[in-house]
There are 2 protein chains.
Amino acid sequence: MSENNKFTPIKTLGEYGLIDRIKLNARNKNKNTTKGIGDDAAVIAISKNESVVISADMLIEGVHFDLMYTPLLHLGYKATTSNLSDIYAMNAKPEQILVSIAISNKFSVEAIEEIYQGIKKACDFYAVDLVGGDTTSSTTGLVISITAIGRANPRNITYRNTAKKGDVLMVSGDLGSAYLGLQILEREKAVFTENPNMQPQLNEYQYLLQRQLRPEARKDVVKMLEEMQVVPTAMIDVSDGLASEVLHICQQSKVGAIVYEEKIPIDPSAVEVSCDFNINPTTCAMNGGEDYELLFAINLNDLSKFKNHPHFTVLGELVSEEKGAKLKLKGGNSCKIIAQGWNSLLEK
Amino acid sequence: MSENNKFTPIKTLGEYGLIDRIKLNARNKNKNTTKGIGDDAAVIAISKNESVVISADMLIEGVHFDLMYTPLLHLGYKATTSNLSDIYAMNAKPEQILVSIAISNKFSVEAIEEIYQGIKKACDFYAVDLVGGDTTSSTTGLVISITAIGRANPRNITYRNTAKKGDVLMVSGDLGSAYLGLQILEREKAVFTENPNMQPQLNEYQYLLQRQLRPEARKDVVKMLEEMQVVPTAMIDVSDGLASEVLHICQQSKVGAIVYEEKIPIDPSAVEVSCDFNINPTTCAMNGGEDYELLFAINLNDLSKFKNHPHFTVLGELVSEEKGAKLKLKGGNSCKIIAQGWNSLLEK
């Protein structure tokens, strides 16, 4: 092994820094490889009117989920929906998934079946077929790796690098709730660890917990955009927090952005609980992650189609690159948007 | 968590038993899902003349590889070729891969780059594009999960369940060498653990070690079959040992088989080393695994095309299901073929 010769700790680079190092010099050899590394999913051209969109994600016990408070059924469901979300973020429709799973012998067959029941529930709801994968043993924790395959007309596929200055920035649903759901679970875990006889107090937090434990992917958004005949100029799913996703669109599209704090959609229960935890709700939305909403940019001409739409919120606008990405605060000041969301490889 | 309620240990089922439990009741919802779980790869129909073939595999440190004797460059290369092998086993051509990797902080950026260098070397050699994946942290060992995507004319795709009684069973290359390469590495590891000043004695075993550490996928076999205008009636890659693969074809095609021990192609160096280890070379070929050769059945009418072909060996024939799968020994006796090859989930 050579890792002791010259040593750059991974935590100094983080996930995106590492990806930049890895993808360097990768030139595509197949003419039908339309999009490689650098978006929610890769795109493979099939014919003039058909492309395959494909994405892979890996979840590791102790990094992405804690089995102490994650029901296995929900784990399987979330592992699937979080992956499908990447396909919807390309404005495509998922049709198949492959699931690879590594399990230690602490799991029973019934426990594994429960995970797969969750996967199947998601497959049924999203009309996706489980077509393969791998099962193997793990020396330690549970690993779930899912590949999602979707299809779209190449003209409808939305990338991260095609937004334009002057476009309107929009988001579906609400943000920050999944992060607060996680905080509640972590708090109850701490209480339980301290005193195992305590019963968890979870009833009142149903919405936030569901957003964390059993999130849905925005299949309906892709359908609504189709019905409204809107093809966003760029789209990405909110998995690592709004800040991180806005920056992805800005950096890849070479634009700046103004996001208005007062516009950020946050559920009333999230506002309430964020007060209990003494966290600014805007911080939860900007840096919390795992909301699996869709952040997208549209041409100004399409804005009227979204008027009073209950599912979408205008967040702000895209400006020239030199202006950078800014959050316009409720008080009137502006601050630079910095990605502080989820990055499992970055130094904490 | 519910795994303590009713408890069936996974080791009582093994990988294929578990897959049978998992795939139960999975009915495909998309009309273009041609083949789901149960072959080397899934098949998705695209048009009359085009299908996408897709396969995923996961490699876990301590289960599938030992970093004490696996150079990272080779690990990346093998992780890729072993996956591409599944695409060739469908008589298809791989064009893209997605790589998901989980790394603990014991790895440096340079170590990860070395793994990716190996992946890229394989991508270059097989003209495949690395188009995406995931990078994340691991709480313990290294995990590499690869999805390979290929393409084929649906008329040329070879499944496991389409062989017929009377077909001829053939295999490319030679078998058992990868397993013996592993035995040599394990022996040297034991010697080194005992006395760290001992230098490993590996020069004379170059072929066997290369078969274990840096195997190739049989891209050339798919090309040769095309040139010879032969579409096998069934095909599978030899990853878990010849016995296991013969049984897959037999069970799925509902046929029996006679494999002639004297026909099994084994490299002279493998025969020699198997004597040193006091293992029957036939056992290495039948149960060793990781050879990544292609085992296939052809119609008897195609047999003449393979006459004196240096890359292929006639192993035996397919017979009626009732006759079972038998190994005809050199002495004239027959024994039932039992899968004793690699199965990371089965009780040892």
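Visitor: What distance separates the centres of domain 1 of chain A and domain 2 of chain A?

Guide: The two centres, taken over C-alpha atoms, are 22 Å apart. Domain 1 of chain A covers 31–156 and domain 2 covers 168–336, with bounds from an automatic or database domain assignment. This is a predicted model, where local features need pLDDT of at least 70 and side-chain atom pairs count only at pLDDT 80 or more, while totals for chains, interfaces and linings use all residues. Residues are numbered from 1 along each chain as its sequence is written, and chains are lettered from A and ligands numbered from 1 in the order in which they are written.

Visitor: How many residues of each domain of chain A are in contact?

Guide: Domain 1 of chain A brings 18 residues and domain 2 of chain A brings 21; contact requires C-beta atoms, placed from the backbone, within 7 Å. On the domain 1 side, α2(A) has the largest share, nine residues. Helices (H or I, at least four residues) and strands (E, at least two) are DSSP runs, numbered from the N terminus. By class, that side of domain 1 has seven nonpolar, seven polar and four charged residues. Nonpolar means Ala, Val, Leu, Ile, Met, Phe, Trp, Tyr, Cys and Pro; charged means Asp, Glu, Lys and Arg; polar means the others, Gly among them.

Visitor: What describes two packed helices?

Guide: The angle between their axes and the distance between the axes. In chain A, the axes of α2 (residues 72–88) and α3 (residues 109–126) come within 7 Å and cross at roughly 40 degrees. Axes are lines fitted to C-alpha atoms, for helices over the stretch in contact, and angles run from 0 to 180 degrees between N-to-C directions.

Visitor: Why are α2(A) and α3(A) called oblique to each other?

Guide: Their axes cross at roughly 40 degrees, and α2(A) and α3(A) are therefore oblique. Under 35 degrees counts as roughly parallel, over 145 as roughly antiparallel, 65 to 115 as roughly perpendicular, and the rest as oblique. The crossing of α2(A) past α3(A) is right-handed, that is, the near helix is turned clockwise from the far one by less than a right angle. Residues making the contact include A:Leu73, A:Tyr77 and A:Leu84 of α2(A), and A:Ile115, A:Ile119 and A:Tyr126 of α3(A). The contact residues divide into 13 nonpolar, six polar and two charged.

Visitor: How do I read strand pairing?

Guide: Strands of a sheet pair through backbone hydrogen bonds, either parallel or antiparallel. Here two strands pair if DSSP finds at least two bridges between them. In chain A, β1 (residues 33–35) and β2 (residues 42–47) run antiparallel with two bridges, and A:Thr33 faces A:Ile44 of β2(A). These strands form a hairpin with six residues between them, where A:Gly38 in the turn has a positive phi of about 120 degrees. β2(A) also pairs with β3(A) (residues 50–60) in the antiparallel sense over five bridges, and two residues link these strands in a hairpin.

Visitor: What is the strand order in the open sheet of chain B?

Guide: Six strands run in the order β1-β2-β3-β6-β4-β5, with mixed pairing. β1 (33–35) and β5 of chain B each have a single partner strand, so one side of each lacks a neighbour in the sheet. Within the sheet, β3(B) and β6(B) are antiparallel with 10 bridges, and B:Ser55 has B:Ala148 of β6(B) as its bridge partner. Helix α2 (residues 72–88) of chain B packs on the sheet, touching β3, β4 and β6 of chain B.

Visitor: How many residues of chain B are in contact with chain A?

Guide: 75 residues of chain B are in contact with 75 residues of chain A. β5(B) gives the most to the chain B side, nine residues. That side divides into 36 nonpolar, 25 polar and 14 charged residues.

Technical notes. Contact = placed C-beta atoms within 7 Å.
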